[in-house]
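Subject: Structure handover

Hello,

Here is the structure for you to look through.

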Amino acid sequence: MAGMMQESLASTSHDPEGPGDEPAKEIAGRSPMRIAFDRLRKDKVAIVCFVIVIFFILIAVFAGVIADFFGVSTESVRASERIDLRTGLPLEGPPNNGFDPDHPFGVAPKSGNDLLAYWLYGCRTSLIIASVATVTAAVVGVVLGLIAGYRGGTWDRLIQFVTDLFLTIPFLLAALALAPILSDRFGTDPELYTTVKFYSVIIILAVFGWMQMTRIIRGEVLSLREREFVLAAKVMGVPTRRILFKEILPNLVAPIVVWVSLGLPALIAAEAGLAFLGIGVSGRPSWGQTINTAVPYFEEYPLYLWEPVIGIVLIVVSLNLLGDAIRDALDPKARR
Amino acid sequence: MKRSKPIAALASGAVLLAMAACGGGGGDDDNSDAGDFQSETPPVVKVPDAEGPAPAIDGSEEGGTITVMHPDPDDGPSSLDPTGMWSVTDNGIMQALVFRSLTTYRYNPETGGMELVPDLATDLGTPNEDFTEWKFTIKDDVKWEDGTPVTAEEVAFGLKRSMDSEQLPGPGAYYSTSFFLGGDKYGGPYKDGDDFPGITVDGQDITIKMSQPFSEMDFWGTFAAITPIKPGKASEPPAYGLDPLATGPYKVKSFTPNQEIVLERNENWDPNTDPARHQFVDEFVLKFDQNQETTDATMISNNEESKTWINTIVSGTKYQDYTSAVGDRVGVYPQTCSSFLAPDYKKIPEIDVRRAIAFAYDYENVWAAAGYIPGTTREMANSILPPGMLGQDPDMEPIPGETIEFNPDKAKEYLAKAGYEPGEFELRWVYDDTNQESKDAMEQAKRGYEEAGFKTKPFPYSGGSTYDVWTDPENPIHKKLNMQGTAWCQDWPSAATFIPPLFKTGEQYNTGNFSEKSVDDKIKEIPTLPIDEQADAWGELDKMINQEYYPDINVGNINNLQAYGESIGNYTYDTVQGYPNLRDVYVVQ
């Protein structure tokens, strides 16, 4: 409240000290979004988190360029060039030797894969999968929520039922069951199989991620559709589609943004979980897979596990805090 | 024929899974250090006049409980029905402790090898001149765990039951049915009645007629599948598999399929009738599907609990930690199994391409990526037969004039001989997509093939074991491949349990569909030769198959890493089973 008061005071009152020095500040009405954004800019935690998120996005986008810059690649090499075959541990660099400039993050035991390259491309995999799945889930959730909330009646009951149904299906069980089915169906074509696995992870995450969105939107719409401006639009004969998109949807931006910013890190973690269980993506690096392989080496080679774990923790925590900050900023009742 | 459980050590590596048969032939003293490990094994000696009780063991003590840990993926037996037992783990436990058979193995502390001794029979059986008839006399003082005497009729019923390949698929469905006279048409006592002319009982004597010369009935007689079974409702499958009746020194106290077996003393076991087994320990607890990391960490910590543990699979990455923590109580033990790449004999008909694969396979790197220790848990092999088996020739050159190793230039030469430019010939094989080690091993193999001038197309499989693909010609992936695989352990130290299942036309584990009449003829002919010529004849056949056809590429012999706790007394290794010798262990109090 305090924040809001200051904001509105600053923007509505004239400067008492210098009347006439410069043209009076224009008295401008500011949209709620604008207010929220201004608040967000003053939130140090939000700024730091935002920078971290941008950092990871840049890594994901320019993974190839960065890898080339360090002279590393995900190409598999003859293991014995980098690995002591008797112990399975790297010949140079961590854990037994110091920093190895050729492989800044070290190399994986047994296979000798470069860990920096795997980390960079793993970041890309995580972010692509999580963001595409989040957007898909958000779109599905918003559409179904709008329909359920606005149309009501049979549509509402049907969508509510489907939502409940999906909420009862255990996500992990479904994912575990789907993996062998896909393998059987597409296993005869290795390239297609890799693609199918990639998209299937997105689909699984999206299919099991839209339900909460639908519920939130439905609840909001139920209250919005009884508000005067909607009723007025209805009375004036505005078409339903226009009411939904022009009158109701803009009022839902806040919950959608909050949901997306909190859903994204959850899906990054879920994707890593799937990969850890061996049912995630296949044929491309991912953080979850690296964690899966690194666990048995934690004692001998802790760095191997820490790299992907720190990556995931950093981005998930940053996104979560950023999401919290956005929610606070958008919530007029939040104390700042 | 059904495949039994994969050998655990192989499954974890996942390059190749082993057909789980009974290990054999290998040998090594139990204090071996990985550095100077030798696969030389003392051959199995037959001691037909061995009598109970088993030789005393110096310093042995009574009492205590021994826990045998089997880390994942060894998930142990799903049923304890003796007729179905055909894996290293199942036989290693139950043959040694619970089920007595016609014959059995005994550990010889002087040689470190195993001896074949009579068990239920009074001797190792009497064959007729051409090995088409065997006669065994059953001891009259052996008792069941309920105190009733074991009769020859019950032994005969067990023999007949082993031919029930539908309800009780096991080793008998392979050996009994193919060697016993009329066994190929007999479906076991439940389906075709108790009347089987191939086996006759006269008092304490059992006579088995063979459909073809079978000189190794005394070895086949060691199997749990040859144990006596009481006819009647109680022994009907599948219920019998939950609570079988013991004849050995231990009986089943509790059994949770694929998780745990608890064995306790069988008071009705008479040591005077048993030349091979002891009963030092009060209880054996056998745990399956255990967490590898936890088991290793507990063993290395050497806490009170793990002092009476035996760990059957030590992870290769922890080997160094083990040696510093438990010293010589960790060791390398031969599994006497070999794993093969099996190029499809029809799709890759050119012998020079198959030879090129042998030079294109980057042995050490693939092994290391798969979690083996090159030279320790995996060793280069030259022949089909594993080292130590009679007839195996360690100097035989599978490709005349060549030493097999990873050599991309040589591979290119052979490809050129077959008329292929580098990058022209495509290899298509399957790998397990659910396991990172298997994926890494695939990457190493792929890189080696490509360096050697092959085009590659590995097929991911995540539906289970790659055996599902290899052994099923109807599998859609199988049809796309031009290279299958298999891994094999012999059932007893004889080439007869090794070469025919892998290279006879139409056999299930002949996954590359190798088919040559000359080889089939030899496989048929060798068992009819005089017994002392057979081993060399198998060795010659091994050489002929390799040098003339080179159908399969042997990608290494397999050894196991095992460890035992501080309080385990007299730990020895059963080189025939490829499993710890549980007959003679005790707990140091």
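Below is what was found, chain by chain and then at the contact.

Keep in mind that this is a predicted model.

Chain A

Start with the secondary structure. Chain A has 13 helices and zero strands. Read from the N terminus, its elements run α-α-α-α-α-α-α-α-α-α-α-α-α. The radius of gyration of chain A is 25 Å. The globule rule gives 20 Å for 336 residues, and the value for chain A is well over that, so chain A is more spread out than a compact globule. Along the principal axes, the C-alpha atoms of chain A fill a box of roughly 75 × 60 × 30 Å. Of the 336 residues in chain A, 37% are buried. Now take the contacts in chain A between residues at least 6 apart in sequence: 70% of them join residues at least 24 apart.

The sheet in chain B

Chain B has an open sheet of four strands, in the order β5-β6-β8-β7. The pairing is antiparallel. Which strands are at the edges? They are β5 (126-127) and β7 (199-202) of chain B, and each pairs on one side only.

Next, follow the partners of β8(B), residues 205-209. Four bridges join β7(B) to β8(B), and these strands run antiparallel. Ile199(B) stands opposite Ile208(B) there. The hairpin of β7(B) and β8(B) has two residues between the strands. In that hairpin, Gly203(B) takes a positive phi near 65°. Strand β6(B), residues 133-137, pairs with β8(B) over five bridges, again in the antiparallel sense. Here Phe136(B) stands opposite Ile206(B).

What does a strand do with its side chains? In a regular strand they alternate between the two faces of the sheet. Now look at β8(B). Its covered face has Ile206(B) and Ile208(B). Its uncovered face has Asp205(B), Thr207(B) and Lys209(B).

Helix α3(B), residues 152-161, touches β7 and β8 of chain B. The direction of α3(B) makes about 175° with that of β7(B).

Find α12(B), residues 436-451. This helix has 16 residues. From first C-alpha to last it reaches 23 Å, close to the 22 Å expected at 1.5 Å a residue. Is α12(B) enclosed or open? It is largely enclosed by the rest of the structure, because 13 of its 16 residues are buried. Just after α12(B), Gly453(B) takes a positive phi of about 95°.

Where the chains touch

The contact takes 26 residues from chain A and 29 residues from chain B. On the chain A side, α7 (171-186), α8 (190-207) and α12 (287-294) each supply at least two residues. Which of them gives the most? It is α7(A), with four residues. By class, this side of chain A has nine nonpolar, 13 polar and four charged residues.

Best wishes

Key. Residues are numbered from 1 along each chain as its sequence is written. Chains are lettered from A and ligands numbered from 1 in the order in which they are written. This is a predicted model: local features need pLDDT of at least 70, side-chain atom pairs count only at pLDDT 80 or more; totals for chains, interfaces and linings use all residues. Two residues are in contact if their C-beta atoms, placed from the backbone, lie within 7 Å. Ala, Val, Leu, Ile, Met, Phe, Trp, Tyr, Cys and Pro count as nonpolar, Asp, Glu, Lys and Arg as charged, and the others, Gly among them, as polar. The expected span of a helix is 1.5 Å times one less than its number of residues. A residue is buried if 20 or more other C-beta atoms lie within 10 Å of its own, exposed if 12 or fewer, and partly exposed in between; C-beta atoms are placed from the backbone. Two strands pair if DSSP finds at least two bridges between them. Axes are lines fitted to C-alpha atoms, for helices over the stretch in contact, and angles run from 0 to 180 degrees between N-to-C directions. The radius of gyration is taken over C-alpha atoms; the globule rule is 2.2 Å times the number of residues to the power 0.38.
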